[in-house]
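Please open the model in a viewer and keep the sequence at hand. The stops below are given in the order in which they may be selected.

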Amino acid sequence: MITYTSKRIVCPHCGHHTMVELDASQGDQDFYEDCMACCNPIHLRLHRDEERDRLQLYVDSDDEQIF
């Protein structure tokens with residue numbers, strides 16, 4: 001099973017490409033990384049799919065408005 005890898009993501013705020021280090025040894029995770037270009041927080045959700053032996057990364061800006 002994949003537990004440690006690097007992934008290139010795109011900042012949802014400014015579009016800057018950046019690398020993030022992913023450590024899935026602790027299972028599913030929910031964390032924030034700051035963009036190196038615009039300094040806004042990027043919400044990352046990591047899901048470890050053991051059946052298919054892969055990691056799924058969801059990138060979000062957390063700036064959606066709920067009415």
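Which residue is the bridge partner of H47 in β5? Select Q56, the bridge partner of H47. In β5, R48 has L55 as its bridge partner.

This is a predicted model, in which local features need pLDDT of at least 70 and side-chain atom pairs count only at pLDDT 80 or more, while totals for chains, interfaces and linings use all residues. Residues are numbered from 1 along each chain as its sequence is written, and side-chain values use heavy atoms, with hydrogens and water left out.

Next, select β4, residues 41–49, which runs antiparallel to β5 and is joined to β5 by seven bridges. Strands here are DSSP runs (E, at least two residues), numbered from the N terminus, and two strands pair if DSSP finds at least two bridges between them. In the hairpin of β4 and β5, four residues lie between the strands, and D53 in the turn has a positive phi of about 55°.

Move to β3, which pairs with β4 in the antiparallel sense over six bridges. Select F31 and, opposite this residue, L44 in β4. The hairpin of β3 and β4 has six residues between the strands; C39 there takes a positive phi near 65°.

Now display the three strands together: they form an open antiparallel sheet in the order β3-β4-β5. β3 (29–34) and β5 (54–60) are the edge strands, each pairing on one side only.

Finally, colour by pLDDT, the predictor's confidence in each residue, from 0 to 100. The protein has a mean pLDDT of 87, and 91% of its residues reach 70 or more.
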